[in-house]
Amino acid sequence: MFHKSELQSGVNLYTRQTAQFKTVSVAIKFTAPLTEENAAARTVLANVLEDSSANYPTRTKLRQALEELYGAVYYTDTSKRGNEHIFTIYAESVNEEYLRNPEVPVFEQLLTLVTESLFKPNLKDGVFDEAVVEREKQTVIDRIGSIYNDKTRYANKGMLELIRSGKPASLSASGTEKAVSAITKESLKATYDKMLSEDTIDIYILGDVDTDQLTGRAQTVFPFTKGTRKSVPVTSSTTSEEVPTAKHIREKQDMKQGKLNMAFSTPVGFRHPDYPKMQMLNGVLGGFAHSKLFINVREKESLAYYCSSSYSSHYGLLYIMSGIDAEQEEKTAALIDQQIEALRNGDISDLEIRQTLALLSNSIRSSFDSAKGQIEIYDQYKLLDENFSSDKLIEKWERVTKEDIQEMAKLLTKEITYLLSGREAMVHE
């Protein structure tokens with residue numbers, strides 16, 4: 001898959017020479033502890049670094065430079081994984097071999113643009129431009145606020161804040177409006193300096209390029225100063241300290257469709273040896289159109305506009321999300337519980353297992369159809385196996401039996417049933 005080279009302690013280069021794509025891609029990932037303040041500052045910083053640089057001091061000039069590189073792509077993003085906050089720079093250009101004039105070093109020029117944007121940002125008097133910072137703060141605040149109008153996301157967020165308040169599972173990768181508002185041009189420069197000197201850094205380069213030559217030049221191309229870089233310690237957040245009797249909470253808002261969500265905790269997280277078994281359980285329960293929740297709750301009984309499950313392995317949580325008429329809450333919740341009970345009783349057909357295996361396998365294989373997909377999948381699974389391949393994971397899924405899924409279902413502990421609807425005020429039971 002990828003070949004790893006350690007540039008310095010905490011800074012690794014992963015290269016993959018492949019003729020699969022007509023493009024060359026680079027991703028630089030900075031990892032730090034996930035906190036509200038970190039998430040807010042780093043998300044604003046991501047926007048500011050994507051906006052301009054010392055060499056291209058306006059957004060227009062930076063976009064124009066990318067267009068001149070045959071429509072090259074350059075953007076930043078932030079995300080979270082477990083108790084880590086990840087800041088990503090991603091760039092992609094056409095491989096010059098496919099141009100009429102292959103002498104133009106398009107990827108080299110894009111790499112220069114990316115590294116200059118990172119190491120020579122658009123500063124005024126040693127700090128970021130206040131106008132740019134304030135504008136991008138507002139962009140992030142608007143993005144955080146938009147979740148209120150997306151009731152599906154809002155319901156899941158509300159549920160998580162009730163069972164994992166202040167914990168990584170309920171924190172947003174963009175921080176909070178309050179934390180974003182507190183950012184100044186000076187504090188943002190401090191965030192930038194700290195990120196470059198203290199974060200663990202993973203650099204990915206993928207395409208039909210001379211990876212040996214790039215590896216040899218990497219220290220010069222990516223001149224990160226040697227700092228004290230420590231990996232974020234992995235903390236087990238698979239279950240709450242003590243799982244109380246499952247809460248039943250209703251929250252009222254002015255809305256027509258109700259959102260009925262449930263959360264179950266499991267001791268099986270991403271690094272647990274039974275992780276592939278829990279992935280298979282999620283697929284049989286509610287991950288796909290053949291799953292029990294879709295067939296029995298939505299199709300047969302017509303109780304939900306949608307009904308599915310998702311497995312958040314880094315937090316040891318399995319969510320069930322459904323859109324319902326609020327009057328059908330009790331009936332729908334009971335039918336969802338029946339699907340979990342069916343798994344615990346071993347009511348699992350060979351067809352359900354085969355369909356789940358086929359769709360999981362297709363999903364991971366199709367992610368390898370894009371350069372970005374290969375980088376993202378490897379970046380996650382290298383934590384388990386630096387020689388990761390999709391075939392290795394598929395082999396583990398193939399070994400999962402009905403009894404394994406039954407065993408996984410018995411490990412699920414319901415923590416909450418949460419209804420967001422226009423129905424009566426909040427009730428705690």
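**Terms put to the test**

Reply: Gladly. This is a predicted model. Start with Q374, which sits in helix α13, residues 371-381.

Me: Why is Q374 called buried?

Reply: Buried means under 20% relative accessible area. Q374 has 1%, so the word applies.

Me: What does Q374 touch, leaving out residues up to four places away in sequence?

Reply: Its contacts are M1, F2, R16, Q20, F21, L206, S367 and F368.

Me: Now V48. Where is V48 found, and why is V48 called buried?

Reply: V48 belongs to helix α1. Its relative accessible area is 5%. The cut-off is under 20%, so V48 counts as buried.

Me: Which residues is V48 in contact with, leaving aside neighbours within four places in sequence?

Reply: They are F128, V132, V133, E136 and L188.

Me: How do you know that the span of α4 agrees with what a helix should give?

Reply: Helix α4 covers residues 130-145, which is 16 residues.

Me: Which residues of α4 are buried?

Reply: V132, V133, E136, K137, V140, I141 and I144.

Me: What makes you say that they line one face of the helix?

Reply: Look down the axis of α4. The buried residues fall within an arc of 170°, so they line one face. Their cover includes α1, α2, β7, α6 and α7.

Me: What lies at the start of α4?

Reply: There, a side-chain oxygen of D129 comes within 2.9 Å of the backbone nitrogen of A131.

How values were computed
Residues are numbered from 1 along each chain as its sequence is written. This is a predicted model: local features need pLDDT of at least 70, side-chain atom pairs count only at pLDDT 80 or more; totals for chains, interfaces and linings use all residues. Side-chain values use heavy atoms; hydrogens and water are left out. Helices (H or I, at least four residues) and strands (E, at least two) are DSSP runs, numbered from the N terminus. Buried means under 20% relative accessible area, exposed over 50%, partly exposed in between (1.4 Å probe, protein chains only). Contact means heavy atoms within 4.5 Å. The expected span of a helix is 1.5 Å times one less than its number of residues. The arc is that of the directions from the helix axis to the C-beta atoms. A polar contact is a pair of N or O atoms within 3.5 Å; within protein, one must be able to donate a hydrogen and the other to accept it, and residues adjacent in sequence count only if both atoms are side-chain atoms.
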